[in-house]
Amino acid sequence: SDHMENIYGYLMKYTNLVTGWQYRFFVLNNDAGLLEYFVNEQSRHLKPRGTLQLAGAVISPSDEDSHTFTVNAASGEQYKLRATDAKERQHWVSRLQICTQHHTEAIGKNNPPLKSRSFSLASQGSANSPGVQRRPSQNAVSFFNVGHHRLPAGKRVPIMQPDHLVDVREMMSQAEGQQRDLIRSIECLPVSGHLTSLDQDLLMLKATSMATMNCLNDCFHILQLQHASQQKGSLPAGTTISWLEPKISLANHFKNGAAQNFPAEINKPASVREEQSIAEPCQLTREPEEINPDEELEDISDDKEDDLGAVEEQRSVILHLLSQLKLGMDLTRVVLPTFILEKRSLLEMYADFMSHPDLFIAITNGTTPEERMIRFVEYYLTSFHEGRKGAIAKKPYNPIIGETFHCSWRMPKSDVATDAGSNFSARSPSEQVTLSKELEGQTELDYYTVKFVAEQVSHHPPVSGFYAECVERKMCVNAHVWTKSKFLGMSIGVTMVGEGLLSLLEHGEEYTFSLPCAYARSILTVPWVELGGKVNINCAKTGYSASINFHTKPFYGGKLHRVTGEVKQNTTNTVACRVQGEWNSVLEFTYSNGETKCVDLTKLSVTRKRVRPLEKQGPFESRRLWQHVTESLRDGDIDKATEHKRALEERQRNEERLRAETETPWCTKYFLKEGDGWIYHKPLWKTVSAAQTQQTDTN
């Protein structure tokens with residue numbers, strides 16, 4: 001009860017771009033379920049300047065900082081508020097959430113089911129209906145009815161018996177058919193006129209009907225699990241009942257017009273049938289495969305993501321998707337439209353962060369611990385620019401469980417910096433091509449090789465592991481990343497949960513690091529990528545650390561893509577280097593001796609990765625696995641790309657269901673679970689240690 005007391009106090013409220021933030025006196029009225037605010041405490045006895053109903057509201061702490069939070073009312077109105085510190089924010093958020101939950105539950109208890117009724121979308125509403133006021137001449141159109149029914153008074157719902165599941169499945173099938181007819185009726189409407197297929201009310205109706213069917217399917221699945229547990233006596237230890245993927249894929253509704261039904265199995269392209277018929281991954285060899293770098297060829301693909309046309313053309317699809325989302329909603333299981341995809345897997349995107357192998361190898365060439373930490377920070381900050389393909393915020397393919405990606409880089413030893421002043425080099429594209437041809441004729445001793453492998457080790461949650469090593473320089477990096485995506489209104493936020501470890505075996509040093517958050521901004525217009533958050537790099541042995549801040553653009557003014565950071569010695573608290581600039585443009589490094597260095601990332605040389613030809617890749621290697629989706633996207637055939645993508649995702653769901661039914665655990669190929677992380681099965685620090693031990697025994 002003490003959590004339901006009325007609280008009040010000053011908070012900053014964001015008004016608009018011109019006015020900005022203003023102090024206002026807020027009062028939480030728990031009895032009425034209202035959040036009210038006044039100009040100041042003295043005017044509290046007057047009429048509030050603003051009031052929000054909290055029933056059905058969503059209270060969301062902001063990712064921007066530790067002080068800001070939002071209150072999103074069911075009416076659509078939003079308050080963006082800021083407390084004086086993190087503790088005060090937590091106090092307000094917790095009290096608001098308790099009040100919201102209390103009044104939301106009260107509404108559900110106090111309101112009986114709707115009376116039996118039916119209505120048509122066209123003209124059954126009252127004369128005061130907003131829809132009728134907007135479309136006064138649509139009364140000739142009446143193309144579907146939606147009914148709500150309740151049981152007669154006094155009649156109780158019987159307890160569901162196991163043999164009734166067949167009847168439920170039949171009713172569900174009928175409802176799914178009616179829902180498909182509803183979607184088809186909406187999509188067959190013209191794209192212009194009084195009532196169109198792009199009407200906002202109809203888009204919302206499509207979304208809510210789809211969400212309802214998804215929810216019913218999930219509930220039916222839980223009933224099936226309960227039935228199965230009754231058959232066995234009890235559920236296996238550790239079993240959890242979780243929500244499934246949406247049963248009705250958004251891919252079926254991405255294009256207005258004729259219904260997007262997929263052809264019968266006999267008419268499907270051979271590539272789709274192949275995608276659906278690949279054997280269960282655990283039946284394939286799960287033994288780690290040694291990739292011979294000599295089989296890899298220089299990558300000649302150049303899939304820049306600069307085409308904005310599809311985004312503009314598919315505006316209604318994005319609106320349709322947004323109508324199903326809530327602020328703070330986890331997007332892990334949301335099926336996103338195909339046209340927003342990049343032509344590469346997320347695993348390959350991680351590889352593209354290694355596109356400056358000369359800077360990576362140069363880290364271990366630093367003569368002092370301070371210099372090696374500075375070189376790592378320089379490499380780290382230059383990796384994100386090439387990791388993004390173009391300015392538009394498109395999304396890589398979600399790797400399926402068991403998917404892998406292999407590649408390598410060859411770097412002439414003469415191009416790897418050995419002194420502090422030559423870390424960065426710039427070559428023209430023609431010079432890069434000439435260099436690549438020269439490398440083909442060089443002997444093994446003339447260049448370093450950096451090998452890379454990545455694997456999707458988990459589907460829910462989606463976790464990727466990746467590992468890179470340069471054996472000649474006795475250095476390697478191991479990382480695991482869990483991508484958590486959330487809907488933030490007009491943007492999407494992706495938190496990269498996990499940790500990386502760089503090992504410099506020649507020096508006995510280990511550097512731990514994390515990754516910044518990524519945001520896709522302006523998703524209704526021209527989406528663009530922004531990085532945000534604080535990243536820490538630490539070396540316990542040397543006592544050096546780095547703190548890097550990726551700054552998100554403020555509401556008013558400020559620069560895009562700004563980054564600042566510093567390297568310091570923890571023992572003496574001495575700053576060895578400061579950095580500022582933009583992570584996708586120019587970085588300026590200032591060293592403790594007063595020297596400065598500017599790096600233009602757009603002119604920095606990029607070493608092309610080497611990849612095995614498709615015919616030599618395994619069926620679960622990224623490029624071969626997604627080749628038909630990629631080819632369709634290159635050809636601009638969104639429908640065909642969607643079909644291939646759907647086949648891959650459906651196969652993954654079937655395999656996951658089979659493993660659950662047979663209680664078969666998933667077997668990873670290259671990475672092993674250790675604590676909360678994933679470690680490559682044969683990291684360089686183990687092989688080097690074993691070799692040294694063997695040499696000692698021989699001596």
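Asp 294 and Arg 410 meet through their side chains in a salt bridge, at 2.8 Å from N to O. By salt bridge I mean a side-chain nitrogen of Lys or Arg within 4 Å of a carboxyl oxygen of Asp or Glu. Asp 294 sits in the loop between helix 5 and strand 10, and Arg 410 in strand 13, residues 404-412, so the pair ties together parts that are 116 residues apart in sequence. Helices here are DSSP runs of H or I with at least four residues, strands are runs of E with at least two, and both are numbered from the N terminus.

A word on the source: this is a predicted model, where local features need pLDDT of at least 70, side-chain atom pairs count only at pLDDT 80 or more, and totals for chains, interfaces and linings use all residues. Residues are numbered from 1 along each chain as its sequence is written, and side-chain values use heavy atoms, with hydrogens and water left out.

Back to the pair. Asp 294 is exposed, at a relative accessible area of 56%, whereas Arg 410 is buried, at 9%. The cut-offs are under 20% relative accessible area for buried, over 50% for exposed, and partly exposed in between, with a 1.4 Å probe and protein chains only.

How many salt bridges does this rule give? The count comes to 21.

Another of them joins the side chains of Arg 612 and Glu 289, with 3.4 Å from N to O. These two are 323 residues apart, and the pair links distant parts of the chain: Arg 612 is in the loop between strand 26 (610-611) and helix 12 (622-625), and Glu 289 is in the loop between helix 5 (270-277) and strand 10 (297-298). Arg 612 counts as buried, because its relative accessibility is 7%. Glu 289, at 34%, counts as partly exposed.

Next, Glu 348 and Lys 609, whose side chains form a salt bridge at 3.3 Å, N to O. Glu 348 belongs to helix 8, residues 346-352, and Lys 609 to the loop between strand 25 (596-600) and strand 26, so this pair ties together parts 261 residues apart in sequence. Are these two buried or exposed? Both Glu 348 and Lys 609 are buried. They also take part in a network of salt bridges that links Asp 299, Arg 344, Glu 348, Asp 352, Lys 609 and Arg 623.

Last, a residue in helix 4, which spans residues 200-232: Met 213. Met 213 is buried, with a relative accessible area of 6%.
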